[in-house]
Amino acid sequence: MSSTEQKLKEYRKRKETERRRAEQKEILYYFLSLHWLKEMILPSPQEQSKSAKVQPEEEEEDEEEKEVEPEQSETGFMFWYYFGLKLVLWVVLQAIFIELEFGSVFFVASCLYFM
């Protein structure tokens, strides 16, 4: 094998490992950012276009409303996302305070806060 072939082989191997790392980073970001949950909750654009084809008469009347709907659904998604994060944080803090034997104090204080 010549040095050029060897360099080409090393280059291809390096590019393949870079591609794999990029894919792994994408997958990790996809799960950590909860995009999978967003896809489950919100309908895909294809499903929205199918429902638009079924009701063409209402399409003319609701053009302005359709522009607002994605923003509302994004807001709804973000609400549940942050609510879930707050709930997980509260449960973790509750567990920590139970270990410190202040669980009932934390629970009563959080009940007063929510009231």
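Biologist: Which residues line the second largest pocket?

Modeller: Rolling a probe the size of a water molecule over the atoms shows where empty space is left. A pocket is an open set of points on a 1 Å grid over the protein atoms alone, where a 1.4 Å probe fits, with protein on both sides within 12 Å along at least five of seven lines, and lining residues have an atom within 4 Å of a point. Here the lining consists of Phe83, Lys86, Leu87, Leu89, Trp90, Leu93, Tyr113 and Phe114. Two or more of these residues come from each of α5 (63-99) and α6 (103-114), helices being DSSP runs of H or I with at least four residues, numbered from the N terminus. The largest share, six residues, belongs to α5.

Biologist: How far may I trust such a list, and how are residues numbered?

Modeller: This is a predicted model, in which local features need pLDDT of at least 70 and side-chain atom pairs count only at pLDDT 80 or more, while totals for chains, interfaces and linings use all residues. Residues are numbered from 1 along each chain as its sequence is written, and side-chain values use heavy atoms, with hydrogens and water left out.

Biologist: How many aromatic pairs does the structure hold?

Modeller: Rings of Phe, Tyr and Trp (its six-membered ring) pair if their centres lie within 6.5 Å, and planes under 30 degrees apart count as stacked, over 60 as edge-to-face and the rest as tilted. The structure holds seven such pairs. Among them, Tyr81 and Tyr82 are edge-to-face, at 5.4 Å centre to centre with 70 degrees between the planes. One aromatic cluster is formed by Trp90, Phe97, Phe106 and Phe107.
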